[in-house]
Amino acid sequence: MTRETLKLLSMILVFALLSSTSGAQSPAPGNPSQAQETPEQKITRLSMTITQVQSQVEEYQKQLQEMQRQLAELKQQLAASGAPATSGGTPPSQPAATPTLEERVDALESAVATHDSLKVESESKYPVSVTGLVLFNTFVNTHRVDVPATPTYALRGGGTTGFTMRQTVLGIDARGPHLFGATSRAQIRTDFFGSATNSEYSAGGLIRLRTARASLDWKNTEAFFSYDRTILVPDAPTSLASVAVPALSWSGNLWTWNPQVGVSQSIPLSPTSKLTLQTAFIDVGDPLLPSATSGSASTLAERSRWPGVQFRAGSSFGPADRETRFGLGGYFSPHRAADGSRFDAWAATADLHLPLGKYLLLTSNAYRGQALGGLGGGGYADFIYRDYEGATALRPIDDVGGWAQLAIKTGRFETNLAYGLDNPFSKQIRSRTASSSAPSYSGLTRNSTVMLNTIYSPNAYLQFSLEYKRLQSTFPSRDRYASDAIGLSGAYRF
């Protein structure tokens, strides 16, 4: 900043102060003290103002001189350190010129414009982030299966081979205002695995709601409503080949997404251990084979006019990255069939999350109950009809099953070996389908899956996976079918 610039700045400041002073000191109605100010008083006041401005200008000049001195010292230090000089006797290379005020303003405006073009802003102005998984899957099935891209049971017939990107997932995470001392949060996940009657040369998928959750989070308490898997299954098998329909579905994994509202309470027992109590109401859907369509807008649980209830008590201890957890749970839901028959769905569950040393992790879930088709068990069925005195009567199906997975994590590689089994009581089913007068049973009597996959993550955003599954399915006719499923997946997380 030159001396001429300083003079110009001082003149501008003096003019601004004079303008503001004259405006501020203009006679106002009802203020005789200002109206009686003499010319000598005005001159004295303006002289004092000019003196103050000159003092400020001198201070700015001192600061500029100090900055110039520091710059000169830096140049000397650079020269003493052996900075290379240009050829031809020219002076050493000068440091980059300090950006002018206009350049700084332009850079700031550019940064703001870039930020505005990239950020996601909600109407509420609270933080919102977009997340997702762009997923490409190839699949090879040696025999016929229910859904080629995400097979859950085997059938008689030839195999299939294909590609798909319909398992791509999009999500939104939001954090909202505080209420009653709690932080409000919301999450939603969608994919493109909805059915479509006419793809019109597109990928053929319709956007589908997968899961949704909103909650109020206190330090040790959470109140929530969600559309998600049951609280009885805190863990899930790991797979990139089966995302739209989670791995081991209908083979021991109670995976189905249902509306729920509940509360979770953590009770610290020590710095590294706690007890967790969870309970929730649940509106359980009806089980449907992949090729079936719902014939009613209301479910059997909704016809009972009572919501289902579920409860889980779990304990955990150890550091967060090597936490050991186990829990016990229960579920009960009244149902009413179209003919007016009433029955109850229930389950008792147990789950385990157990680190085995530095590289191994064992997770599992097991259940015993009846009419579990709405949760993803029971061989795709809740009940079966049987003959009784010339008529048919409804009988809920007893069921037992579960899954277990051993994960091996070494560096950027993760290998998962898992097995799942859903086993409706086949003797009970066959004894009630022996009569031709009873309605046919379209479900399974046993379904199991063996899964082995390896996931390679070169960084936090890219993943590649090779997976093998062996499906074995048994039907009431005692027919048993098997299929091998091989999948290769590539994913980009954001």
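Two strands pair here if DSSP finds at least two bridges between them. Helices (H or I, at least four residues) and strands (E, at least two) are DSSP runs, numbered from the N terminus.

First, the ground rules. This is a predicted model: local features need pLDDT of at least 70, side-chain atom pairs count only at pLDDT 80 or more, and totals for chains, interfaces and linings use all residues. Residues are numbered from 1 along each chain as its sequence is written, and side-chain values use heavy atoms, with hydrogens and water left out.

Now the hairpin. Strand 11 (residues 342–356) and strand 12 (residues 360–370) run antiparallel, joined by eleven bridges. Three residues lie between them, and G357 in that turn has a positive phi of about 80°. A347 stands opposite G369 of strand 12.

Strand 12 also pairs with strand 15 (residues 398–410). That pairing is antiparallel, with eleven bridges. Here Q370 faces D398.

Next, the core. A nonpolar core is a set of buried Ala, Val, Leu, Ile, Met, Phe, Trp, Tyr and Cys residues joined through side-chain atoms within 4.5 Å. Buried means under 20% relative accessible area, exposed over 50%, partly exposed in between (1.4 Å probe, protein chains only). The largest core has 22 residues; L248, Y331, L372 and L375 have the most contacts inside it. Strand 11 gives the most to this core, three residues.

Which residues does Y331 touch, beyond four places in sequence? Among them are A345, W346, A347, L372 and L375. Contact means heavy atoms within 4.5 Å.

Last, N141, in strand 1 (residues 128–145). N141 counts as buried because its relative accessibility is 4%.
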